[in-house]
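Subject: Structure handover

Hello,

Here is the structure I promised to pass on. Please open it alongside this note. My findings follow below.

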Amino acid sequence: MLTVSLPLLLLLPQLTRAPPPTESPPLPSPPTGCRRCCDPLETPESSAPRTTPYLLPEVRPYINITILKGDKGDKGDRGSAGKTGREGLPGGLGPAGAKGSKGQAGAPGDPCKVERAAFSVGRRKALHSLDYYQALVFDTVFVNLHEHFSMFRGRFHCQLPGVYLFNVNVHTWNFKETYLHVMHNERETAILYAQPSERSIMQSQSILLQLARGDEAWVRLYKRERDNAVYSDQLDVYITFNGYLVVPD
């Protein structure tokens, strides 16, 4: 056993001997200065001096829209109507329009139906002149068909056009002048006049007037420029104003 292993042991040094070292190439000389292990390697271009790059100017294109405007297109179809808005507040009353022209005559009425208009009113209170004209206002009604006579204004308002007969009666005042007019709208038509006297008397005036629809008839006392008055009392009626339709249009 020992004789066999001895030659093997003698051969081991020869088998495990390493080859003689060969000469390795020389290492590069270290660069001057310190550097970090993570810095990139310098290239030949990096050692060249750096220069500032030339910046090109920014060019922005401008487009003239008027040159590119095309022809006008065809008119489109009309859209559907929108929803109706809320109703607004009522407006103010406008000015009255001009009086219209007279309309055509209507068809003949019923021959059995006769249109009538009449009034008779009185006054139980005396009236003296003031600095302005006064309408003779009445406080007693005898007849007032269809309320065509306004007791508040002392005027007859014509609803049925035609010819009317009007009559006014007054009692004069002692030593005072009596001066009244029968008025057609704002125009004097007839005068009732009595000179001052120591005796009071009854005076009367009558007139026929052609009235259109809407015309007015009334009695006016003259102003204080001529001191005048009419007499009456609470017991008897001394002042009356009467009118009625004679011929309808």
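First, a definition: a salt bridge is a side-chain nitrogen of Lys or Arg within 4 Å of a carboxyl oxygen of Asp or Glu. By that rule, the structure holds six salt bridges.

Some ground rules. This is a predicted model, where local features need pLDDT of at least 70, side-chain atom pairs count only at pLDDT 80 or more, and totals for chains, interfaces and linings use all residues. Residues are numbered from 1 along each chain as its sequence is written, and side-chain values use heavy atoms, with hydrogens and water left out.

**Salt bridges**

Side chains of opposite charge can pair when their charged atoms come close. Buried means under 20% relative accessible area, exposed means over 50%, and partly exposed is in between (1.4 Å probe, protein chains only). Helices (H or I, at least four residues) and strands (E, at least two) are DSSP runs, numbered from the N terminus.

Start with R153 and E216. Their side chains form a salt bridge, 2.9 Å from N to O. R153 sits in the loop between β5 (149-150) and β6 (155-157) and E216 in strand β11, so this bridge ties together parts 63 residues apart in sequence. R153 is partly exposed at 38%. E216 is buried at 12%.

Next, E186 and R155. Their closest N and O atoms are 3.2 Å apart. E186 is in the loop between β8 and β9 and R155 is in strand β6, so parts 31 residues apart in sequence are tied together. E186 is exposed at 59%, while R155 is buried at 14%.

These residues join up: R153, R155, E186 and E216 are linked in a network of salt bridges.

Then there is R224 with D131, at 3.7 Å between the closest N and O atoms. R224 is in the loop between β11 and β12 (229-231), D131 in the loop between β2 (127-128) and β3 (134-135), and the two are 93 residues apart. R224 is partly exposed at 43%. D131 is exposed at 61%.

**Nonpolar core**

A nonpolar core is a set of buried Ala, Val, Leu, Ile, Met, Phe, Trp, Tyr and Cys residues joined through side-chain atoms within 4.5 Å. The largest one has 28 residues, and F156, Y164, F166, L180 and F241 touch the most other members. Strand β7 gives the most to this core, with four residues.

Take a look at F166. Its contacts (heavy atoms within 4.5 Å) include F119, F156, L211 and F241, leaving aside residues up to four places away in sequence.

Best wishes
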